[in-house]
Amino acid sequence: MQDQISTVDGSLQIKVTDLFVKGANGMDFALTRVYDSTMGKDRTYVASGYKNRTEITKEEERFHLGKGWRWDLPYLKTEAGVDYLTIPDVGTYALENNKLQGYPWNNYDFGPVRESRLEQLRNEFGISQAEYELRDYTGGTTTFFSYHGEPLLITNRFGNYISFSWGSSGSLGKTLDFVFVSAGNGELGHYLIFKYDNQQVKVTAYGEAGSEESVTYKKRSVTSYNRTQEVLTEVIDAQGRSTKFDYGIWNSTLFNMVRGYENLTGTDRMIYWGWNDWVQLTSIEHPTKAITQYGFDGLVMRKLGEYAAQQEPRYNSRKVFYSTESQTVGTELKLSYNGDIGESYGTTRNYSVIVNDGLANTTFNYTKAHYGNMVPEVLYKRSADRISLNGSLRETTY
């Protein structure tokens, strides 16, 4: 498990690979889940009558892993008339005229599937519903998506591929049901099967020599101010080991998406701004019985645009405890903020974050640059200054 509290914005990201399926020529498939605390809230939008409202996120509807969790897959989504593309290990970018807005390189090419390619997909892979494709010139792969944004197929230049089958499961709606990984050289491919009910997801991988292993993801419902929603509470891995998760709820945090409401205060703000709930991961119990706890320094108000803003919880610590025969041992990482990434919009400004890891204080110095309302703001890390707690060592990197 890889976890990190971002020094950029105080969010929490976790990445865990649970199953691995062997392919050929670089087309192995790792079933990886990602936790992103910034997805721990409902989506905000403006309803008729200039009302701030919330609704379930596209990620919850698509992946069914609980609040804040998703599979680490490429996918498309549309929100408020804007298309967004998520690329694993790269990020999420708005699309305009099939261009990734704010992405600085030219190694991706996105657009509708060509008619000649559609016939090839039908004949070679039995896929007839591909609408969009993403070509990765660095990795040498092409990913095909359905009209609704689900990944259907990933191919490489050697003819190997990974295919994804999407179905439906009762009240859950659309679900990822099957992943097939070609083995190449005429060998039988390997695959994963997903099974769902209201309390859990079970994924079974079938690999080489008839091998079979399963991972179970257990969920429960929590009730917040807005609605009842699901959280991932336990993962039982292929060896039967259990990892448990707990969450805290920040009820009724304020947000605004309506022009003209941004300067409201007092009772007017309480009436006309919207209310959202944040479900945030607070602790993990590992199979070894070690405990990781995450702390917060409260809510911060962040400006999202000229008039849009929202309150967000901000992480400021991570503590890890484990027991030996004679004692309980703990380590702690603490963050303190001088300014915030979202305290202003429309201006270029500096802020910094200090990280105390028990050995040294490291100060990360950032500049957030604004180049126009139609262009994403750009974040630059100017330097990182590390000073040992006893003052004997100082390092600066740029």
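Lys174 counts as partly exposed because its relative accessibility is 34%, where buried means under 20% relative accessible area, exposed means over 50%, and partly exposed lies in between (1.4 Å probe, protein chains only). This is a predicted model, in which local features need pLDDT of at least 70 and side-chain atom pairs count only at pLDDT 80 or more, while totals for chains, interfaces and linings use all residues. Residues are numbered from 1 along each chain as its sequence is written, and side-chain values use heavy atoms, with hydrogens and water left out.

**Salt bridges**

- The side chain of Lys174 meets that of Glu150 in a salt bridge of 3.6 Å, N to O, the term standing for a side-chain nitrogen of Lys or Arg within 4 Å of a carboxyl oxygen of Asp or Glu.
- This pair links distant parts of the chain, 24 residues apart, with Lys174 in strand 16 (residues 174–181) and Glu150 in the loop between strand 13 (141–146) and strand 14 (151–156); helices (H or I, at least four residues) and strands (E, at least two) are DSSP runs, numbered from the N terminus.
- Glu150 counts as buried because its relative accessible area is 6%.
- Arg241 and Asp237 meet through their side chains in a salt bridge of 2.7 Å, N to O; Arg241 is partly exposed, with a relative accessible area of 44%, whereas Asp237 counts as buried at 18% relative accessibility.
- The count of salt bridges comes to 30, and Asp297, Arg302, Glu312, Arg314 and Asp340 are linked in a network of them.

**Aromatic residues**

- The count of aromatic pairs comes to 18, where rings of Phe, Tyr and Trp (its six-membered ring) pair if their centres lie within 6.5 Å, and planes under 30 degrees apart count as stacked, over 60 as edge-to-face and the rest as tilted.
- Tyr294 and Tyr315 form an edge-to-face pair, with 6.1 Å centre to centre and 85 degrees between the planes.
- That pair links distant parts of the chain, 21 residues apart, since Tyr294 is in strand 23 (residues 291–303) and Tyr315 in strand 24 (residues 309–323).
- Both Tyr294 and Tyr315 are buried, and together with Trp250 and Phe296 they form one aromatic cluster.

- An open sheet is formed by 4 strands in the order 7-8-9-10, with antiparallel pairing; two strands pair if DSSP finds at least two bridges between them.
- Its edge strands are strand 7 (75–79) and strand 10 (99–100), each of which pairs on one side only.
- Strand 8 (residues 82–87) and strand 9 (residues 91–96) run antiparallel and are joined by 5 bridges, and Ile87 stands opposite Gly91 in strand 9.

**Thr233 and its surroundings**

- Thr233 has its place in strand 20 (residues 228–236) and counts as buried because its relative accessibility is 15%.
- Leaving aside residues up to four places away in sequence, Thr233 touches Lys218, Lys219, Arg220, Thr243, Lys244 and Phe245, contact meaning heavy atoms within 4.5 Å.
- The C-alpha atoms of Thr233 and Ser221 are separated by 9.7 Å, and these two residues are 12 residues apart along the chain.
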